[in-house]
Amino acid sequence: MAEGVVPREIVDRTENRWLVTMATMLLIMAVIVIATAITGALHPSSNVEVIDSQTLHLRGEFVESNLGTAIEPDGSATVRVLAETYAFVPHCVTVPAGTPVKFRLTSADVVHGFLLPDTNVNTMVIPGFVAEVRTKFAEPHEYAMPCHEFCGFGHQAMWAHVSVVPKERFAGMTPSERTSCERQ
């Protein structure tokens, strides 16, 4: 046998060990996926709530007068946003710091993305469905909110803004000031 050549028996034994190791790992991963699916731990990242994207402007929670930030009876904030051709409506949203915030979004036309960088807020906005994301902003901050799903030729210009302000300042704002991009 030539020097440096590994005997055939050793190569076969090593290959078989790796084959068994990989098959075992694959089997373990398959069992985990099946077990989580059976126990209900595997589910969509958003609630499954349908809406008629053709009439959402006319009635219901996404009519124009209902968009923006509203304070709920429990003190939390609900932000309703409509994604449509190259724009988020309202373009600017103000929320109070230190308060649970629920973003409810839908699309009137195509799939859009909703992202607040450096937070846990990131979802797809799909026509016919309401996407819901919950978060809490600890400190006042300004966030640029890009659409991160390609939605057509004007996609690169589809940005909005979320302004997190102190609770005291938010309490003194009118509903129209909560959706204004002007500095208060």
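The conversation that follows sets computed values against the definitions behind the labels.

Mentor: Remember that this is a predicted model, in which local features need pLDDT of at least 70 and side-chain atom pairs count only at pLDDT 80 or more, while totals for chains, interfaces and linings use all residues. Residues are numbered from 1 along each chain as its sequence is written, and side-chain values use heavy atoms, with hydrogens and water left out.

Trainee: What makes T99 count as buried?
Mentor: Buried means under 20% relative accessible area, exposed means over 50%, and partly exposed lies in between, using a 1.4 Å probe and protein chains only. T99 has a relative accessibility of 5%, so it counts as buried.

Trainee: Where does T99 lie, and which residues does T99 touch?
Mentor: T99 lies in the loop between β5 (92-96) and β6 (100-107), where strands (E, at least two residues) and helices (H or I, at least four) are DSSP runs numbered from the N terminus. Not counting residues up to four places away in sequence, T99 touches G75, S76, A77, T135, K136, F137 and K167, and contact here means heavy atoms within 4.5 Å.

Trainee: Why is the pair of F88 and F114 called edge-to-face?
Mentor: Rings of Phe, Tyr and Trp (its six-membered ring) pair if their centres lie within 6.5 Å, and planes under 30 degrees apart count as stacked, over 60 as edge-to-face and the rest as tilted. A search of the whole structure finds 4 aromatic pairs. For F88 and F114 the centres are 6.2 Å apart and the planes stand at 75°, so this pair is edge-to-face. F88 lies in strand β4 (residues 87-89) and F114 in strand β7 (residues 112-115), so the pair ties together parts that are 26 residues apart in sequence.

Trainee: How do you know that F103 and F137 form an edge-to-face pair?
Mentor: Their ring centres are 6.5 Å apart and their planes are at 85°, so the pair is edge-to-face. F103 lies in strand β6, and F137 in the loop between β9 (129-136) and β10 (141-146), so parts 34 residues apart in sequence are tied together. F103 counts as buried because its relative accessibility is 0%, and F137 is buried with a relative accessible area of 3%. Ring pairs link F88, F103, F114, F137 and Y143 into a cluster.

Trainee: What makes a group of residues a nonpolar core?
Mentor: A nonpolar core is a set of buried Ala, Val, Leu, Ile, Met, Phe, Trp, Tyr and Cys residues joined through side-chain atoms within 4.5 Å. The largest one has 25 residues, and those with the most contacts inside it include F88, F103, F114 and F137. The largest share of this core, 4 residues, comes from β3. In soluble globular proteins, nonpolar side chains tend to be buried together.

Trainee: How do you know that β3 and β6 are paired?
Mentor: Two strands pair if DSSP finds at least two bridges between them, and 7 bridges join β3 to β6, which run parallel. A further 6 bridges join β6 to β9, which run antiparallel, and F103 stands opposite V133 in β9. Of the 8 residues of β6, 6 are buried.
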